[in-house]
Amino acid sequence: MKIKILFLSLLTAFSCSQQEESKNNINSKDRVTQKVDSVLSLMTLEEKIGQINQYAIGEEMTGPSEKGEQAEKRYQQILSGKVGSVLNLLGAENTMKLQKLVMENSRLKIPLIFSYDVIHGYKTIFPVPLAESASWNLDLMKKTASVAAQEAAASGLHWTFAPMIDVSRDARWGRVMEGAGEDPYLGAEIAKARILGFQGNDLSDPFTIAATAKHFAGYGFVESGKDYNSMNLNREVLLNQIIPPFKAAEEVGVASFMNSFNDVDGIPASASEYLLRDILKGQWEFDGVVVSDWNSIGEIVNHGTAANLKEASAQAINAGSDIDMEAEAYITHLATLVEEGKVEEETINDAVRRVLKLKFELGLFDNPYKYSDLTREKETIQKPEFTEVAREIARESIVLLKNEKDLLPLKSNQKIAVIGPLAKDKDSPLGNWRAQAKAGSAISLYEGLEEAFGTENLIYAEGVKLSIGPNTFHQKTEIEEKDKSGFEEAKKIAQKADVVIMALGETAYMSGEGRSRSEIGLPGLQLELLEEIKEVNSNIVLVLMNGRPLTLSWEAENIPAILETWHLGAEAGNAIADVLKGDYNPSGKLTMSFPRRVGQLPIYYNHKVTGRPDSGPGMVFYTHHNDVDSTPLFPFGFGLSYSNFEYGEIQLSSNTLEADGSITASVEITNSGKVSGEEIVQLYIQDEVGSVTRPVKELKGFAKEKLAPNESKTFTFTITPEMLSFYRKDNTFGTEPGTFKIYIAPNSATEEYKKITLQ
Ligand code: NOJ
């Protein structure tokens with residue numbers, strides 16, 4: 001009875017605000033605010049705290065769990081409205097069931113939000129995000145995010161913890177596979193595309209889901225690339241290099257931000273008032289939700305800035321972390337903290353308002369079950385046209401790193417030896433974070449080759465094994481290092497072939513969260529196998545599958561053709577075969593520098609000039625390593641094509657840029673090759689003098705276009721003062737007059753520029 005009365009008053013609260021709304025004709029933002037306030041006014045402190053409490057649950061949680069007291073306690077909390085959102089419960093049926101239980105049992109009947117890590121596809125798996133970024137195709141990345149959203153939403157989900165938009169410069173960090181590489185500008189453009197793909201224009205559309213900008217901030221800069229490590233990050237680098245993708249995310253209306261695990265300026269990010277109150281919710285006026293990372297509020301205690309979980313809770317909520325994922329910090333301590341005056345109830349109200357607002361925007365108050373639709377789930381998941389999108393983006397993500405001896409594309413009627421542990425692997429191409437993909441469901445390279453070239457032209461040997469034991473998200477991958485018994489067979493078939501395709505690299509779980517490596521060459525005995533195969537047949541096309549840049553110095557020196565195919569997703573084998581056969585002309589370009597050696601890491605093209613930039617031959621006292629060239633093996637922005645693109649001289653419309661004006665910079669590019677192909681043209685700018693030290697160059701624009709053989713096209717970029725802006729010595733954002741170098745080039749390793757002056 002009591003419940004009924006309350007529900008009626010909840011409904012009255014909505015309808016009163018609806019009547020008023022039509023009276024005053026108020027805009028939809030105010031409308032949501034009013035509705036949120038109406039609901040909030042009915043809530044007890046306990047219920048409010050419930051809304052900012054989040055648990056991960058398995059499918060068994062649609063009924064009382066058999067997994068002991070803890071799970072039973074959580075289940076009861078969910079039913080009684082003491083949990084506002086859950087992660088990892090999937091499927092229209094399961095989400096419908098649990099939502100129903102919440103609607104039937106909780107006092108206020110506030111619907112749950114269902115969330116999950118939908119990173120590069122839900123059921124239809126696309127290339128890992130680092131691979132996709134190499135396509136530089138924003139429309140296509142938006143499309144893959146949109147397909148992922150359609151599948152996830154049809155499975156009852158409302159919210160993804162993606163995209164990861166951490167700028168990352170150290171390939172030892174396993175999570176580089178999850179991001180868009182080392183550049184803040186490209187990272188920002190890709191962040192926007194992915195967020196708009198997930199969210200569409202309307203969060204209440206049941207084919208879209210809310211997105212998360214993560215991890216705020218600095219997670220990609222963990223020291224020595226070791227996951228969860230601390231870091232040394234100064235404010236200027238934070239603002240100019242790490243923040244831009246997050247600012248862009250906020251500008252396109254991302255629904256949520258996630259804290260990062262690391263500390264910034266000595267404060268764990270989940271407790272950072274500077275990041276959350278000053279920047280995100282202050283300067284940017286972000287009105288969405290901030291969710292902690294998994295137990296990151298609990299980990300404030302491990303960081304050592306809080307003595308216990310209670311102190312950590314106070315720090316996190318006061319700093320602006322709205323939702324506690326998995327730490328049970330808020331649910332356990334916030335009520336007491338309010339009683340003791342250590343946390344204001346208004347601080348909790350603000351966090352709850354944000355959660356309720358998201359629920360309204362998702363349309364859950366109108367219909368809590370709208371996403372959980374069995375028919376739509378069946379119709380939407382793995383639609384055939386989604387597979388087409390997977391093949392399209394996979395082809396565009398491939399980067400041709402080397403192509404000598406005219407090896408590629410392969411010629412017809414060649415005898416092809418296919419060798420390597422990844423050649424027939426149907427699982428590794430799915431990559432880490434593959435959501436609901438069925439293990440081993442990717443098209444393997446070998447299957448793709450069979451389809452493209454016919455089985456009769458192929459001979460196969462595994463050569464060596466790459467990993468032993470379970471290869472899963474939760475368990476460490478052990479590399480098989482000892483057994484060379486397959487070498488002889490591999491060499492035998494290599495001898496018989498016109499060309500050898502070596503499929504080498506990393507399995508899916510050698511990169512990703514918790515998968516940092518101190519050596520990033522080909523794991524195990526793969527390099528040794530490659531060296532031995534080269535002795536018997538040097539016509540080798542090295543097809544790499546991996547989730548991070550690798551050190552490939554010997555390979556680059558000794559192997560004539562190298563194709564970087566990353567972990568390309570469900571359609572991997574078909575996409576690679578398209579490129580090997582020449583049905584698709586490779587167009588991808590790297591979004592992370594490939595080092596020559598691990599000792600160069602972190603390596604990135606937009607580094608600072610330093611006080612001792614370079615010197616003549618034989619000199620000692622300047623910035624360098626004594627034993628390796630300072631350049632990367634393959635620079636940011638690099639990638640070859642079967643076409644040949646020739647760049648003309650840069651033309652400027654003026655050498656002077658007024659503070660409120662714009663100028664253009666153009667270049668004519670000719671495809672002097674024999675086949676048509678796409679080129680990714682890149683605009684870089686260097687600010688020569690600034691109030692803070694500035695990078696040697698920074699990407700500020702790009703275009704990807706197709707040119708037919710002998711076709712010339714003029715690519716024009718408009719340069720505005722905004723593009724020359726940065727966070728200055730006083731931490732304000734803006735320009736400074738002076739001279740700038742303008743580069744238009746096929747990659748970041750370019751020295752040809754024209755100068756302009758900003759008035
Ligand atoms: C930890 C990861 O750091 C984060 O990115 C992810 O969203 C959460 N786990 C939830 O799975």
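What share of the contacts in the chain between residues at least 6 apart in sequence join residues at least 24 apart? I looked this up before anything else. The share is 78%. I note that the model is a predicted one.

**Entry: confidence**

The pLDDT of the chain averages 94, and 95% of the residues reach a score of at least 70. I then looked at residues 1–23, where the pLDDT is below 50. Beyond near neighbours in sequence, I found 23 contacts for this stretch in the model.

**Entry: overall build**

I counted 21 helices and 29 strands in the chain. The radius of gyration is 27 Å, close to the 27 Å that the globule rule gives for 759 residues, so the chain is as compact as a globular protein of that length. I also took the spans of the C-alpha trace along its principal axes, which are about 85 × 65 × 50 Å.

**Entry: surface and charge**

I looked up burial next. Of the 759 residues, 60% count as buried. The chain exposes about 28800 Å², and I put down 47% of that area to carbon and sulfur atoms. For the charges, I have 78 positive and 107 negative ones. Their mean positions lie 2 Å apart.

**Entry: cis peptide bonds**

One runs from phenylalanine 216 to alanine 217, with omega near -5°. I placed alanine 217 in the loop that links β5 (212–216) with α9 (235–251). Another joins leucine 601 and proline 602, and its omega is about -5°. I found proline 602 in the loop between α21 (572–581) and β19 (645–647).

**Entry: positive phi**

Most residues other than glycine have a negative phi. I looked at two residues that depart from this.

Glutamate 326 is not a glycine, yet it has a positive phi of about 75°. Where does glutamate 326 lie? I found it in the loop between β10 (324–325) and α13 (329–339).

Tryptophan 566 sits in the loop between β18 (561–564) and α21.

Key:
Residues numbered from 1 in each chain as written. Predicted model: local features only at pLDDT ≥ 70, side-chain atom pairs only at ≥ 80, totals over all residues. Heavy atoms only, no water. Helix = DSSP H or I, 4+ residues; strand = E, 2+ residues; numbered from the N terminus. Rg over C-alpha atoms; globule rule 2.2 N^0.38 Å. Buried < 20%, exposed > 50% of the residue type's maximum accessible area, 1.4 Å probe, protein only. Contact = heavy atoms within 4.5 Å. Areas by Shrake-Rupley, 256 points an atom, 1.4 Å probe, with all protein chains shown as cover. Lys, Arg positive; Asp, Glu negative; His and termini not counted. Charge placed at Lys NZ, Arg CZ, Asp CG, Glu CD. pLDDT = per-residue confidence, 0-100.
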